[in-house]
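Biologist: I'd like to learn how to read a model like this one. Could you take me through a few features?

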Amino acid sequence: MSNTESSVSEQHEIRLEKLQELRELDANPYPYEFDVTHKSQYILEHPELIKQDEQDPGEVERVSVAGRIMTRRIMGKSTFFNLQDSTGEIQVYIRRNDVGEENYNTIFKKLSDIGDIVGVKGYVFKTGTGETTVYAEEFQLLSKTLRPIPVPKEVETEDGETKVYDAFTNKEQRYRQRYLDLIVNPEVREVFQQRTEMVQAMRNFMNDKGYMEVETPILQPIYGGASAEPFVTHHNALDMKLYLRIANELYLKRLIVGGYDGVYEFSKDFRNEGLSRFHNPEFTQVELYVAYKDYNWMMDFVEAMVEHVAKALHGSTKVTAGDHEIDFQRPWPRIPMFEAIEKETGKDLYGKDLEALKKAAGDLNIELEESFGKGKIIDEIFGEHVEPKLIQPTFITDYPIEMSPLAKKHREKEGLVERFECICNGKEIANAFSELNDPVDQRERFEEQARLRADGDEEAMALDEDFLQALEYGMPPSAGLGIGIDRLAMIMTNSDSIRDVLFFPQMKPEK
């Protein structure tokens with residue numbers, strides 16, 4: 001056992017003893033409720049709550065706050081402590097003469113610890129140093145903690161430098177114990193607040209256009225809508241295999257067939273793939289489908305919505321992401337995929353057969369698997385030599401048909417489809433098509449995917465007869481879009497890893 005583990009174990013035992021003492025005093029360490037009237041941030045932002053010198057305490061407005069004890073400065077018969085709630089921290093002043101000897105000396109001083117959740121009722125005043133403080137007239141323990149929280153301590157060295165001890169900075173532990181991360185690293189809460197605001201801004205933008213938010217199945221008898229390996233489960237009552245969805249595209253298209261002009265869904269999707277700072281097997285995306293539109297219209301829509309999101313979060317179209325300043329102001333560059341590849345590699349791959357593509361990949365030191373078809377090879381070359389260099393938001397358009405079995409054939413360019421991806425900060429954040437609504441063409445594409453699967457491509461799409469039947473009833477020309485919420489949140493919150501914008505990312509089991 002390490003020294004840290006030993007220390008935690010000892011403190012755990014001490015706190016269990018304190019808990020037992022509280023029970024013996026009939027002081028309920030876990031009461032049922034507490035009436036909170038004010039949050040710390042509100043108090044700090046409203047100086048009219050502060051008692052003026054000439055005011056009688058009996059006449060001032062009372063406040064009731066609750067939260068964790070984060071620091072304590074005990075001075076005999078009185079104490080200053082910092083109370084942290086969901087909006088921040090505020091100082092509290094508590095005296096024995098006001099809250100009673102047992103409440104102060106026994107429950108507060110002796111049996112309470114940093115990290116305990118407490119409630120305070122009183123009024124607001126300013127200390128001699130000018131700090132807004134709650135004067136406690138009543139005190140109540142609301143939750144006795146049994147484990148110490150890692151509260152950072154700043155110590156000034158002999159050289160005049162400041163050293164920080166007990167900071168909760170270990171990335172892996174922060175991801176595993178997100179609850180502690182949120183308690184002791186307030187900036188983390190701000191990241192998730194911004195993520196929520198980002199999603200709400202997108203939802204409001206689509207609602208204002210008249211599009212309807214819907215829900216589609218997570219458990220699906222046939223997975224589809226993307227090229228990925230699924231998670232497999234089993235339904236006992238029906239005795240059938242089911243898949244966690246890899247995308248919700250085919251169900252949303254069914255709703256367009258059903259007569260809706262615009263539907264969207266913020267969906268949890270699941271792909272049985274590796275972990276990285278850009279990949280989590282469970283992730284969130286928003287998919288939108290709009291009837292009578294095409295991918296050109298959808299590019300305009302994406303520009304407008306993401307620009308709106310940046311302004312809603314930052315008051316500007318400019319966002320800092322790592323070492324880059326990204327500007328989401330419209331319009332964004334639009335570059336055909338093969339032009340982008342030729343610019344970066346000097347190789348014109350348009351119209352080339354499989355052998356020519358394999359040779360080009362070899363020249364560019366791209367490792368290929370035997371199962372790779374033309375689309376996979378082109379995707380590997382693009383991902384290695386082009387995508388990482390696209391920092392400002394850029395639309396890459398007009399993909400090869402082999403890469404896009406659900407997109408409509410290009411109206412002018414042979415062998416391509418009307419598809420775009422938005423690349424930003426070196427990674428794809430959005431994918432969209434002029435949607436394929438020809439059921440005969442769609443069947444042929446699915447059959448080609450089946451051939452790829454037979455050749456060993458485990459991510460090739462499955463043939464979905466029910467979806468093909470839906471198309472045979474007629475789907476209007478439509479534009480479809482998917483935006484990765486996690487990746488967009490990484491950029492909007494200046495986060496380095498997808499795990500920084502997920503409350504509970506997938507982790508390897510601890511040994």
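This is a predicted model: local features need pLDDT of at least 70, side-chain atom pairs count only at pLDDT 80 or more; totals for chains, interfaces and linings use all residues.

Biologist: Which strand holds Glu428, and what does UniProt say about Glu428?

Modeller: Glu428 is found in strand S19, which spans residues 427–434. The unreviewed UniProt entry has a "binding site" annotation that covers Glu428.

Biologist: Which residues is Glu428 in contact with, leaving aside neighbours within four places in sequence?

Modeller: With those set aside, Glu428 is in contact with Glu387, Glu421, Cys422, Ile423 and Arg487.

Biologist: On to helices. Which residues of helix H14 are buried?

Modeller: Buried means under 20% relative accessible area. In H14, residues 465–472, that gives Phe467, Leu468, Ala470 and Leu471. Seen down the axis of H14, these buried residues fall within an arc of 155°, so they line one face of the helix.

Biologist: What covers the buried residues of H14?

Modeller: The cover includes helix H8 (249–257) and helix H13 (439–454).

Biologist: And the two ends of H14?

Modeller: At the start, a side-chain oxygen of Asp464 reaches to within 3.2 Å of the backbone nitrogen of Asp466. After the helix comes Gly474, with a positive phi near 100°.

Biologist: Zooming out, how is the chain divided into domains?

Modeller: Into domain 1 (8–143), domain 2 (153–184) and domain 3 (187–214 + 250–333 + 392–500). The C-alpha centres of domain 1 and domain 3 are 49 Å apart.

Notes: Residues are numbered from 1 along each chain as its sequence is written. Side-chain values use heavy atoms; hydrogens and water are left out. UniProt positions are given in the numbering used here, feature names are shortened, and annotations may be inferred rather than shown by experiment. Helices (H or I, at least four residues) and strands (E, at least two) are DSSP runs, numbered from the N terminus. Contact means heavy atoms within 4.5 Å. Domain bounds come from an automatic or database domain assignment. Buried means under 20% relative accessible area, exposed over 50%, partly exposed in between (1.4 Å probe, protein chains only). The arc is that of the directions from the helix axis to the C-beta atoms. A polar contact is a pair of N or O atoms within 3.5 Å; within protein, one must be able to donate a hydrogen and the other to accept it, and residues adjacent in sequence count only if both atoms are side-chain atoms.
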